[in-house]
Amino acid sequence: MGEIKRMDLEYSQLDSDRMRINVGPQHPSTHGVLRLEVEVDGEIVTEVVPHLGYLHRSFEKHCEKLNYQQIIPFIDRMDYISAMNNEWPYVMALEKMLDIKVPEKVEYIRVIVAELNRIANHQIAVATFGMDAGAFTPFLYYFRDREAIISILERLSGARLLYNYFRVGGMAADIYPGFKDDCLNVVKQVRKTNAEIMKLLIHNSIFIKRSANVGILTPEVAINYACSGPVLRGSGVAHDLRRDEPYSVYDRFDFEIPVGKGDVGVVGDCWNRNIVRVHEMEQSCRIIEQALAQMPETGDVKAMIPKRIKLPKGEVYMRTENPKGDLGFYIVSNGTDKPERMKARGTSFVNLSVIPEISKGYMFADLILILGSIDIVLGEVDR
Amino acid sequence: MGLLNRLDDPYEGGGIVLGKVEELLNWGRSKSDWYLHFGLACCAIEFMAMNASHFDFMRFGTIPRTSPRQADFIMVTGTVTFKMAERIKILYEQMAEPKYVISVGSCSNSGGPYWEHGYHVLKGVDRIIPVDVYIPGCPPRPEAFEEGMMQLQKKINQQAIFNKRKRIELEDSTKDESNKES
Ligand code: SF4
């Protein structure tokens, strides 16, 4: 046996160059196939560069090739977690162009399914955010509840995830008997679980330690980057198209716009962005209850659906409040049954652009949390 | 046919079950498959629901792994774009033998809705890696996931695992002959 050699390290001489590492596209905790090129100085993130295009599915090309009704399924596949909300601005844009007034009942069905889908979206967002912080149980709770929402939407439209339920001027099918009871049960269950989650996750001290004061997005930066949805509201800006630019029948409901108040951490950090989603579920529940009470019993949901859609020449832009923020569609029509050009303002894409700004100077492990708190869907980022 | 079924009818009244080692190994392999979950698009969300308690995918003995080196099979769930295709091939090559592939959803089966105009979509993941089980649907229903998993277990159960080298040599030599003939 030889003598053990001691290595004398002169710490001041150690080279501590910055290192560039890749996160994704295959990584357990990136959301989807995002690739982040991260420059780290030890554990501290100094630069983040998102690389896109791993899920580019040629959405705009499809829009040029297909006629107006055929485009709806492709819109589902943009933000696939909240497909109902996606279809809405698109059909509204066409209705605006064609000057169609949809029946009252259709408006209410749309509000209800969109709010149900909003709850489902936020459930996934909060659940996966919890998972990023190391909490697995909320995931199981939320997915159990989400199954109830999915089964309502499935009975309406026939599909579990990508519904293709909206039509220009109406809906693909009427509601089924017992729809109201099912919705009320869901509302009850969502409230119960949220009360549980509040104790289990949101006010859990480990979770607070990890997510409060991390990834602070100031209101000015958020507005400069055109963020919207819970990302903007988490920074304390009460901007919600449902109230500020009421479309459909949203002006008839009484609901609040939750914003991040900084009761834990500071306004605009990950914790506040997350809590906005939990409170929004409650507001969606309120809207659903009111809409169910106001919904007219009779009415033909298919009465106004035109056989062939031919838009007049011109252009139209329509935006609505998606669970993730403002989603807009810009359609240029040349008078035929296919759009000349169509552009979508993807919410996730815009919200993602703020990542390099807010993740600088935090630990590498926090980067994953910051990404989770922004709640992106790569289908909408890359399109 | 399985080994476990013979527990009720053991040899000479107790303690001994007759069977082949191959059966035992295959039984073990098929009932504890670890997979590399490669969620790409919408199908991955359905797969998340599949993993949650309502459908409980883990009852098949599957555990999600995040590294290809620990995985027995890879689940390609979603649209494979050209940019992604390269990575999938690398990941597949990093996996240790024996390895299997499940292709989930129309997109990775054939290009799905993006088959005709999708200029950036690979028309089926089987163009770059060999696929064992295809699960159809857009997205597939959870029942379809279950069926696909059962098909994979069936496939593993029936595999011959002894004398692999010899068999491969034999295959190669017959292939060479047929190549010469043609
Ligand atoms: S098969 Fe359908 S659900 Fe699955 S990734 Fe493709 S478009 Fe999405």
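Start by selecting chain B: of its 182 residues, 43% count as buried, where buried means under 20% relative accessible area, exposed over 50% and partly exposed in between (1.4 Å probe, protein chains only). Before going on, keep in mind that this is a predicted model, in which local features need pLDDT of at least 70 and side-chain atom pairs count only at pLDDT 80 or more, while totals for chains, interfaces and linings use all residues. Residues are numbered from 1 along each chain as its sequence is written, chains are lettered from A and ligands numbered from 1 in the order in which they are written, and side-chain values use heavy atoms, with hydrogens and water left out.

Helices (H or I, at least four residues) and strands (E, at least two) are DSSP runs, numbered from the N terminus. The C-alpha trace of chain B spans about 65 × 55 × 25 Å along its principal axes. Of the contacts in chain B with a separation of 6 or more, 73% are between residues 24 or more positions apart; contact here means heavy atoms within 4.5 Å.

Now zoom in on two prolines. Next, go to Pro139(B), in the loop between β5 (133-135) and α5 (142-157) of chain B. The bond from Cys138(B) to Pro139(B) is also cis, with omega near -10 degrees.

Which residues come nearest to the ligand? Of the 16 around it, they are Arg77(A), Cys42(B), Cys43(B), Cys107(B) and Cys138(B); a residue is near if one of its heavy atoms lies within 4 Å. In chain B, α2 (42-51) and α4 (105-110) are the elements that give two or more residues to this shell, and α4(B) gives the most, with three. By class, the shell has nine nonpolar, five polar and two charged residues. (Ala, Val, Leu, Ile, Met, Phe, Trp, Tyr, Cys and Pro count as nonpolar, Asp, Glu, Lys and Arg as charged, and the others, Gly among them, as polar.) The ligand lies between chains A and B.

Select Ile45(B), Tyr114(B) and His117(B): they supply 19% of the area that chain B buries against chain A, more than any other three residues.

Over to chain A. Glu280(A) is in helix α11 (residues 270-294), and it counts as buried because its relative accessibility is 1%. Leaving out residues up to four places away in sequence, Glu280(A) touches His122(A), Pro230(A), Arg233(A) and Pro258(A).

Last stop: Asn213(A), in the loop between α7 (205-211) and α8 (219-224) of chain A. Asn213(A) has a positive phi of about 65 degrees although it is not a glycine, and at 42% relative accessibility it counts as partly exposed.

Methods
Buried area = accessible area lost by both parts, 1.4 Å probe.
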